[in-house]
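Dear colleague,

Please find the structure for your review below. I would be grateful if you could read the notes after it alongside the coordinates.

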Amino acid sequence: MPSQPGKKLVLVIGATGAQGLAVIESLLKPCEEHTPSPYAIRALTRDPNSRRAQELTRRGVEVFPGNTPVCIYYCPSVGTPLAELSPRQAHLMIFPLSHEP
């Protein structure tokens with residue numbers, strides 16, 4: 001399923017965990033004007049065949065298998081080295097996959 005044109009593409013790592021699901025739920029909510037969410041979501045999970053992953057797929061989320069055993073040390077869109085963030089802040093970060101001009 002390709003990403004949706006005109007939407008901001010967001011990668012959620014650990015998408016089927018408690019925090020990941022909460023982040024995705026928030027991103028998929030309609031805007032205050034009752035227009036659809038402006039986000040297209042790609043979800044990274046260890047088991048794309050799990051019940052939670054399948055539910056995300058039904059909601060239009062692109063689900064990919066994967067695990068992140070290696071830390072990402074710097075995210076230019078945030079501008080802060082992850083070493084300066086608490087483990088909780090680093091865990092809950094959202095990384096945009098595309099930038100608008």
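The notes below go from the whole chain to a single residue.

Please bear in mind that this is a predicted model.

Overall architecture

The protein chain contains three helices and six strands. Read from the N terminus, these elements follow the order β-α-β-α-β-β-β-α-β. Among contacts in the protein chain with a separation of 6 or more, 53% join residues 24 or more positions apart.

Burial and surface

The protein chain has 101 residues, and 26% of them count as buried.

Ser-37 lies in the loop between α1 (18–28) and β2 (39–45). Is this residue buried or exposed? Ser-37 counts as buried, because its relative accessibility is 7% and the cut-off for burial is under 20%.

In one, the side chain reaches the backbone oxygen of Leu-27 at 2.4 Å. In the other, the side chain of Ser-37 reaches the backbone nitrogen of Tyr-39 at 3.2 Å.

Which residues does Ser-37 contact once its neighbours within four places in sequence are left aside? They are Lys-7, Leu-27, Leu-28, Lys-29 and Pro-30.

With kind regards

How values were computed: Residues numbered from 1 in each chain as written. Predicted model: local features only at pLDDT ≥ 70, side-chain atom pairs only at ≥ 80, totals over all residues. Heavy atoms only, no water. Helix = DSSP H or I, 4+ residues; strand = E, 2+ residues; numbered from the N terminus. Buried < 20%, exposed > 50% of the residue type's maximum accessible area, 1.4 Å probe, protein only. Contact = heavy atoms within 4.5 Å. Polar contact = N/O pair within 3.5 Å; in protein donor to acceptor, adjacent residues only side chain to side chain.
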